[in-house]
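This report walks through one structure for a reader who is meeting it here. Please keep the sequence and the model in view while reading.

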Amino acid sequence: MADGYEFTPEYDIAQIKASRPSGGVLVWVSPEDPDNPFTAACAHKITGPRGMDVTVPGGFNYDGASVPRPLWWFIPRADARFFRAATLHDLLYGTREGSRAVADAILRIVAEQDRMPWLKRWAAYLAVRLGGRAAWLDGD
């Protein structure tokens with residue numbers, strides 16, 4: 001009897017890309033790095049107001065929404081309505097492109113565009129404004 005299950009993915013990358021919805025982002029999920037389980041499978045560009053373009057590189061690893069585990073019931077790490085905002089926020093914190101205030105505002109704006117409920121997006125925004133300073137200074 002085996003001690004655990006072995007997972008061997010079998011996929012056709014062309015079929016996966018063809019099935020991706022318009023505007024969707026292809027993301028790999030791996031249990032091997034529980035702190036940063038998400039990886040952008042391909043580069044994608046996010047265009048913002050005033051001509052701001054940010055490219056999330058293929059292979060970029062991130063943790064999704066940086067929400068403490070006890071609050072995942074309220075804001076799951078991979079909520080589709082918050083995933084793009086969290087990805088962009090993680091990238092901006094990692095690269096220090098712009099200011100922390102701009103990165104935090106973008107998190108709220110993109111979450112609103114992706115239809116994250118008002119209370120959840122403002123709770124997330126206030127959380128990063130109040131608690132994100134250490135991550136910004138550490139480079140995480």
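## A residue in the core

Which residues does Leu88 touch, not counting residues up to four places away in sequence? The model that answers this is a predicted one, and in it Leu88 touches Ile46, Val54, Ile106 and Val110 once those sequence neighbours are set aside.

Leu88 belongs to the largest nonpolar core, which has 28 residues, and it is listed with Tyr62, Ile75 and Phe82 among those that have the most contacts inside this core. Strand S2, strand S4 (53-56) and the helices H2, H3 and H4 each supply at least two residues of the core, and H2 gives the most to it, with eight residues.

## The sheet

An open sheet of three strands is found in the model, with the order S1-S2-S5 and antiparallel pairing. Its edge strands are S1 (27-29) and S5 (61-62), each of which pairs on one side only. In general, the strands of a sheet pair through backbone hydrogen bonds, and this may happen in a parallel or an antiparallel way.

Strand S2, made of residues 38-40, pairs with S5 in the antiparallel sense over two bridges. Within this pairing, Thr39 has Asn61 of S5 as its bridge partner.

Helix H3 (100-113) can be checked against a simple expectation: at 1.5 Å a residue, its 14 residues should span 20 Å, and its end C-alpha atoms are 20 Å apart, which agrees. The buried residues of this helix are Arg100, Ala103, Asp104, Ala105, Ile106, Leu107, Arg108, Val110 and Ala111, and what covers them includes H2, H4 and helix H5 (133-138).

Among these residues, what is the nearest side chain of opposite charge to Arg108, and how far away is it? Arg108, which lies in H3, is buried yet has no salt bridge, and the nearest side chain of opposite charge is that of Glu112, 4.7 Å away. Leaving aside neighbours within four places in sequence, Arg108 is in contact with Arg121, Trp122 and Tyr125.

## Salt bridges

A search of the whole structure finds five salt bridges, and one of them joins the side chains of Arg84 and Asp114 at 2.6 Å, N to O. Arg84 lies in helix H2 and Asp114 in the loop between H3 and H4, so this pair ties together parts that are 30 residues apart in sequence. Of the two partners, Arg84 is partly exposed, with a relative accessible area of 32%, whereas Asp114 is buried, with a relative accessible area of 17%.

A further salt bridge is formed by the side chains of Arg129 and Asp104, at 2.7 Å, N to O, and it links distant parts of the chain, with Arg129 in helix H4 and Asp104 in helix H3, 25 residues apart. Arg129 is partly exposed, with a relative accessible area of 28%, while Asp104 is buried, with a relative accessible area of 0%. Arg100, Asp104 and Arg129 are linked in a network of salt bridges. Arg121 and Glu112 also meet through their side chains in a salt bridge, here at 3.9 Å, N to O; Arg121 counts as buried at 11% relative accessibility, and Glu112 is partly exposed, with a relative accessible area of 44%.

## Two arginines in loops

Where in the chain do Arg96 and Arg115 lie? Arg96 is placed in the loop between helix H2 (80-95) and helix H3 (100-113), and Arg115 in the loop between H3 and helix H4 (118-131).

Arg96 has a positive phi of about 60° although it is not a glycine, and at 25% relative accessibility it counts as partly exposed. Arg115, which comes just after H3, takes a positive phi of about 70°, again without being a glycine. At 69% relative accessibility, Arg115 counts as exposed.

How values were computed: Residues are numbered from 1 along each chain as its sequence is written. This is a predicted model: local features need pLDDT of at least 70, side-chain atom pairs count only at pLDDT 80 or more; totals for chains, interfaces and linings use all residues. Side-chain values use heavy atoms; hydrogens and water are left out. Two strands pair if DSSP finds at least two bridges between them. Helices (H or I, at least four residues) and strands (E, at least two) are DSSP runs, numbered from the N terminus. Buried means under 20% relative accessible area, exposed over 50%, partly exposed in between (1.4 Å probe, protein chains only). A salt bridge is a side-chain nitrogen of Lys or Arg within 4 Å of a carboxyl oxygen of Asp or Glu. A nonpolar core is a set of buried Ala, Val, Leu, Ile, Met, Phe, Trp, Tyr and Cys residues joined through side-chain atoms within 4.5 Å. Contact means heavy atoms within 4.5 Å. Lys and Arg count as positive and Asp and Glu as negative; His and the chain ends are not counted. The expected span of a helix is 1.5 Å times one less than its number of residues.
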